[in-house]
Structure formats: structure tokens, C-alpha cells
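I want the overall build down first, and then a look at a single side chain.

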Amino acid sequence: MAPQFDRPLRDLLKAAGCSFVRPGKGSHEIWHSPITGRTFPVPIGIPSRHTANAILRQAGLPKAF
């Protein structure tokens, strides 16, 4: 089974002060970053470290995967 990055990604987002806003369409959640002031989607079941790092970049955080 491919590694899933969604759980550790959510832990990093919560530790940085990001907050869950609402469920999105399909298998996505909408989160908000106080660092960048941006709202961004986070898919459920992220199979790619590149996608996980791109989400961290949107949140204003350094690469972690």
C-alpha cells in the first residue's frame, strides 16, 4: 500500500496554528493558514509527498516530506 501523507500533514498544519474551516467538495477539506492568510484545500488520502509539500508551501510552512 502506498504511504498516506494526510494524517502527518494535518498534524503539522494544526501545530502551526492552521484551522479546519469546512468540508469541501468530494474528498477535500478547506483549511486556513494564519501565517499566509490563505484558505486552501487539503485532499483526504494524499499518496504523493509532492502534493503534501505543496500544501505546506500554501500554508507558509517549510517542506517536511
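Predicted model: local features only at pLDDT ≥ 70, side-chain atom pairs only at ≥ 80, totals over all residues.

**Burial.** By that cut-off, 32% of the 65 residues in the protein are buried.

**Fold.** I looked up the secondary structure and got two helices and three strands. Going along the sequence, the order is α-β-β-β-α.

**Size.** I checked the radius of gyration and found 11 Å; a compact globule of 65 residues would come out near 11 Å, so the protein agrees with that. The C-alpha atoms fill a box of roughly 35 × 25 × 15 Å along the principal axes.

**Surface.** The accessible surface totals about 4100 Å², and carbon and sulfur atoms account for 57% of that.

**Contacts.** I took the contacts between residues at least 6 apart in sequence, and 37% of them link residues at least 24 apart.

**Asp-6.** Next I went to one residue. Asp-6 sits in helix α1, which covers residues 6-15. Is Asp-6 buried or exposed? Its relative accessibility is 15%, so I put Asp-6 down as buried, given that the cut-off is under 20%.

What does Asp-6 touch, leaving out residues up to four places away in sequence? I noted Pro-43, Ile-44, Gly-45 and Ile-46. For Gly-45 I also have a distance: its backbone nitrogen lies 3.0 Å from a polar atom of the Asp-6 side chain.

Key
Residues numbered from 1 in each chain as written. Heavy atoms only, no water. Helix = DSSP H or I, 4+ residues; strand = E, 2+ residues; numbered from the N terminus. Buried < 20%, exposed > 50% of the residue type's maximum accessible area, 1.4 Å probe, protein only. Polar contact = N/O pair within 3.5 Å; in protein donor to acceptor, adjacent residues only side chain to side chain. Contact = heavy atoms within 4.5 Å. Rg over C-alpha atoms; globule rule 2.2 N^0.38 Å. Areas by Shrake-Rupley, 256 points an atom, 1.4 Å probe, with all protein chains shown as cover.
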